[in-house]
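Please keep the structure open beside the text while reading.

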Amino acid sequence: MGVVLWCFLTTPAKAEYMKYKDPKQPIPVRIQDLLDRMTLEEKIGQMVQIEREVASAEVMKEYFIGSVLSGGGSVPAPQASAETWINMVNDFQRGSLSTRLGIPMIYGIDSVHGNNNVYKATIFPHNIGLGASRHKIGAATALETRATGIPYAFAPCIAVCRDPRWGRCYESYSEDPQIVQDMTDIIPGLQGDIPNDSPKGAPFVAGKNNVVACSKHYVGDGGTTKGIDENNTVIDWQGLLSIHMPAYYTSIMKGVSTVMISYSSWNEIKMHTNRELITGFLKNTLGFKGFVISDWEGLDRITYPPHANYSYSIQAGIHAGIDMVMVPYNYKEFIDGLTFHVKNNVIPMSRIDDAVRRILRVKFVVGLFENPLADNSLVDQLGSQEHRELAREAVRKSLVLLKNGQSLNQPLLPLPKKTSKILVAGSHADDLGYQCGGWTMEWQGFNGNNRTIGTTILAAIKNTVDPSTNVVYKENPNAEFVKSNNFSYAIVVVGEHPYAETDGDSMNLTIADPGPTTIRNVCGAMKCVVIIISGRPVVIEPYLASIDALVAAWLPGTEGQGVADVVFGDYGFTGKLPRT
């Protein structure tokens with residue numbers, strides 16, 4: 001008897017067949033099989049998204065964390081290479097894979113105009129300047145995000161900015177809901193083109209060259225009173241449906257995988273607590289089957305002051321229908337709080353299961369169970385020449401000609417490339433950071449030319465003019481210098497300094513000093529073209545009479561060559577105003 005038992009014990013146990021690990025099984029079967037195996041602790045872990053600063057393989061394993069993100073400017077190292085990013089993401093992933101069920105985590109990042117936190121990435125124009133080629137830009141952004149091992153982009157922002165005083169107006173494609181709806185073409189660019197037989201409302205990601213997209217911020221973020229960020233949108237139901245909702249219908253039709261909730265309120269009800277709009281309308285009426293994610297500390301900001309009653313905030317947010325919470329730091333408090341609510345029947349298990357089912361659905365759709373670890377196969381896509389050419393083309397198409405010559409029959413543009421001497425002036429002529437705007441390298445953007453790779457407008461001008469043309473750059477010349485130097489013409493580049501979110505709220509919409517002085521000194525003395533770098537319309541009326549030609553260049557990104565392409569006539573102006 002003993003011998004038989006001994007033989008039995010040494011026979012290796014055959015690994016149990018688990019349906020959720022079998023890619024041949026339909027996704028609903030895989031989800032249900034996995035869900036049935038999960039403990040409450042494992043389920044709640046899936047609902048948590050933490051910042052990379054507090055993440056480690058150990059934390060991922062111990063708390064069953066479902067997702068990690070980089071906040072604006074949060075990078076593994078200054079000027080980190082694509083390989084460094086991949087190694088970091090894979091390190092976190094190995095922690096997740098070492099758990100009992102081996103559920104992969106999903107890493108997200110704000111790729112809102114290219115993979116804009118990453119050194120050397122192609123920075124595309126911000127949304128306010130984007131019109132053409134959005135599908136291609138989505139595809140390029142997906143490749144540059146995947147190049148760093150990241151499968152999830154918090155884009156596009158489909159806000160309809162109704163008041164340019166809002167600090168996020170540049171993240172909005174237009175004040176016109178129809179234009180914003182058209183711009184959702186970027187979603188199939190990011191995620192891949194949805195097949196005709198895809199079930200309505202189901203998330204879709206084509207493969208390893210694509211990313212999970214995120215339509216944001218649901219809903220009414222661009223309609224707040226006086227454009228105050230995170231504030232209250234006062235509008236009736238019909239207005240909400242006709243202005244702020246249309247791009248969400250279109251996003252869902254195109255298979256968007258996630259939707260992010262807005263900090264703002266609708267008629268005094270915080271969107272992060274609005275069960276009627278999140279569960280009732282988005283999930284049940286529109287049939288959205290991906291997952292709903294909070295904004296950064298979105299639960300904290302349900303109360304004022306933030307985090308004043310976190311237990312209540314957890315209950316209200318999860319009850320409303322939020323599936324994944326961008327905590328992003330105090331994850332233990334969130335896990336303990338949510339666990340308490342479930343164990344005390346404040347939040348039903350059915351609500352937790354709905355959240356986890358949606359999160360797992362997206363993870364299965366994107367192929368994370370089959371390919372959890374990133375490889376280096378796409379690193380060459382980061383800042384590739386092809387993508388820079390695409391960004392340069394987008395810049396050309398974004399430029400809007402607002403004035404050309406003091407009379408119609410005497411246009412100043414296009415400028416001649418061959419002349420004796422030209423003046424380039426202005427704070428924004430030789431500043432890559434100013435040219436890119438917020439959400440670039442840092443949350444609030446940067447200034448100067450040493451944070452990433454690109455072409456400033458000054459460099460672009462020098463590249464474009466005839467070799468015999470003398471280009472003189474003086475940032476803020478006095479009138480005497482301008483008059484005494486015999487310049488053929490001047491190019492003045494001024495505008496707003498970078499900003500993001502609430503820091504960008506402005507009640508006066510002026511250009512930054514010394515911009516007005518530069519315009520007066522230069523344009524008061526000679527023929528000049530003024531190029532405005534801004535995230536929204538700005539006040540230019542007081543200087544308009546002295547300006548011979550005026551160009552709105554919005555926030556063009558790293559490829560300043562696109563500006564010179566049009567100003568010197570290699571291409572014509574085709575851009576139209578996205579705003580009145």
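In this predicted model, the area buried between domain 1 and domain 2 comes to about 1,400 Å², and carbon and sulfur atoms give 54% of that area. On the side of domain 1, Pro164, Arg165 and Tyr170 lose the most area to domain 2, and together these residues account for 41% of what that side buries.

- The domain assignment of the protein places residues 43-109 together with 151-367 in domain 1, whereas residues 389-568 make up domain 2.
- The contact between these domains draws on 17 residues from domain 1 and on 19 residues from domain 2.
- Taken over C-alpha atoms, the centres of domain 1 and domain 2 lie 37 Å apart.

**Polar and charged links across the interface**

- The rule finds one salt bridge across the interface of domain 1 and domain 2.
- A salt bridge is formed by the side chains of Arg168 and Glu501, with a distance of 3.5 Å from N to O.
- Across the interface of domain 1 and domain 2 there are also 10 residue pairs in polar contact, counted where both residues have pLDDT of 80 or more.
- On the side of domain 1 that touches domain 2, the residues divide into six nonpolar, five polar and six charged.

**The disulfide of Cys161 and Cys169**

- Cys161 is joined to Cys169 by a disulfide, with an S to S distance of 2.1 Å, and this link is left-handed, with -105 degrees about the S-S bond.
- Cys161 counts as buried because its relative accessibility is 0%, a value that falls under the 20% cut-off.
- Cys169 likewise counts as buried, at 1% relative accessibility.

**The disulfide of Cys523 and Cys528**

- A disulfide also joins Cys523 to Cys528, with an S to S distance of 2.1 Å, and the link of Cys523 and Cys528 is right-handed, with 105 degrees about the S-S bond.
- Cys523 is buried, with a relative accessible area of 6%, and Cys528 is buried as well, with a relative accessible area of 0%.
- When the bonded cysteines of the protein are numbered in sequence order, the pairing reads 1-2, 3-4.

- Cys214 itself counts as buried, at 0% relative accessibility.
- Cys436 is in no disulfide either, and the nearest cysteine sulfur, which again belongs to Cys157, is 18 Å from it.
- At 0% relative accessibility, Cys436 also counts as buried.

Conventions: Residues numbered from 1 in each chain as written. Predicted model: local features only at pLDDT ≥ 70, side-chain atom pairs only at ≥ 80, totals over all residues. Heavy atoms only, no water. Domains from an automatic or database assignment. Contact = heavy atoms within 4.5 Å. Buried area = accessible area lost by both parts, 1.4 Å probe. Salt bridge = Lys/Arg side-chain N within 4 Å of Asp/Glu carboxyl O. Polar contact = N/O pair within 3.5 Å; in protein donor to acceptor, adjacent residues only side chain to side chain. Nonpolar A, V, L, I, M, F, W, Y, C, P; charged D, E, K, R; others polar. Disulfide = S-S within 2.5 Å. Buried < 20%, exposed > 50% of the residue type's maximum accessible area, 1.4 Å probe, protein only.
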